[in-house]
Structures are given as structure tokens and as C-alpha cells.
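The sequence and the structure are shown first, and the description follows.

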Amino acid sequence: MGDTIRLDASDVTVVEIEPDVCDECADELATHYVLVDFRSLGQERDIGRYCRNCAENVATRIREGLQA
């Protein structure tokens, strides 16, 4: 169990950023990124730069893939 990386839905959040190009749709400005908190590693990682809609969709897909 000590080598297991554990994630739950609360570890995936959407964070606002300075505008850029959306990694998902390229039609909108990227204003958010998806943050995954790997608490068991003591690290956080941002997953892409997205418009708000795409960021919410990506975060939802990640959350749905995690165990309850």
C-alpha cells in the first residue's frame, strides 16, 4: 500500500490562468488549466491549458475515471 498513488475527485480542480490558446479546441482562448493534486507524492501537476468549457470537460473525464 505504501507505493500506491491515491487520487479522488477532490484532487482534480480547474484553475484560472492568463489567456492563451486552448489545447483541446483551439477555437477559444485558454483561460484555465486542470490541476491534479498527487497528495501521496506531495506534488501537483497541471494538465493542459484550456478554455473554461474544455477545462471542465477534461476535469470531469478525469474525475469519472477515478475510483469512488
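Which residue in strand 2 does E16 stand opposite? The residue opposite E16 is H32 in strand 2. The sections below place this pair within the whole chain.

## Overall composition

The model described here is predicted. Its protein chain has three strands and one helix, and along the sequence these elements follow the pattern β-β-β-α. Taken along the principal axes, the C-alpha atoms of the protein chain fill a box of roughly 45 × 20 × 15 Å.

The protein chain has 68 residues, and 24% of them count as buried. Among the contacts with a separation of 6 or more, 42% come from residues 24 or more positions apart.

The three strands form an open sheet in the order 1-2-3, with antiparallel pairing. Strand 1 (12-21) and strand 3 (43-50) are the edge strands, and each pairs on one side only. On average, neighbouring strands of this sheet are turned by 30 degrees against each other, direction ignored.

Strand 1 and strand 2 pair in the antiparallel sense over seven bridges; the residues E16 and H32 stand opposite each other in this part of the sheet. Strand 2 (residues 29-38) also pairs with strand 3, in the antiparallel sense and over seven bridges. Several positions illustrate this second pairing: L35 stands opposite D46 in strand 3, V36 has R45 in strand 3 as its bridge partner, and F38 stands opposite Q43 in strand 3.

## The helix

Helix 1 (residues 52-65) packs on the sheet and touches strand 1, strand 2 and strand 3. The direction of helix 1 makes about 25 degrees with that of strand 2.

## The hairpin and strand 3

Strand 2 and strand 3 form a hairpin, with four residues between them. In the turn of this hairpin, G42 has a positive phi of about 70 degrees.

E44 is found in strand 3. Not counting residues up to four places away in sequence, E44 touches L35, V36 and D37. E44 and D11 are 33 residues apart along the chain, and their C-alpha atoms are separated by 9.1 Å.

## The loop between strand 1 and strand 2

Two residues of this loop deserve a description. A26 lies in the loop between strand 1 and strand 2. Phi of A26 is near 60 degrees, which is a positive value in a residue other than glycine. A26 counts as exposed because its relative accessibility is 56%, and the cut-off for exposed is over 50%.

E28 is found in the loop between strand 1 and strand 2 as well. With a relative accessible area of 49%, E28 is partly exposed. Leaving aside neighbours within four places in sequence, E28 is in contact with D20, V21, C22 and C51. E28 and Y50 are 22 residues apart in sequence, and they lie 8.1 Å apart in space, C-alpha to C-alpha.

## Surface and charge

The accessible surface of the protein chain comes to about 4800 Å². Of this surface, 45% belongs to carbon and sulfur atoms.

How many positive and how many negative side chains does the protein chain have? The protein chain has 7 positive and 15 negative side chains. The centres of these two sets lie 5 Å apart.

Notes: Residues are numbered from 1 along each chain as its sequence is written. This is a predicted model: local features need pLDDT of at least 70, side-chain atom pairs count only at pLDDT 80 or more; totals for chains, interfaces and linings use all residues. Side-chain values use heavy atoms; hydrogens and water are left out. Two strands pair if DSSP finds at least two bridges between them. Axes are lines fitted to C-alpha atoms, for helices over the stretch in contact, and angles run from 0 to 180 degrees between N-to-C directions. Contact means heavy atoms within 4.5 Å. Buried means under 20% relative accessible area, exposed over 50%, partly exposed in between (1.4 Å probe, protein chains only). Accessible areas come from the Shrake-Rupley method with a 1.4 Å probe; for residues, only the protein chains shown count as cover. Lys and Arg count as positive and Asp and Glu as negative; His and the chain ends are not counted. The place of a charge is taken as NZ of Lys, CZ of Arg, CG of Asp or CD of Glu.
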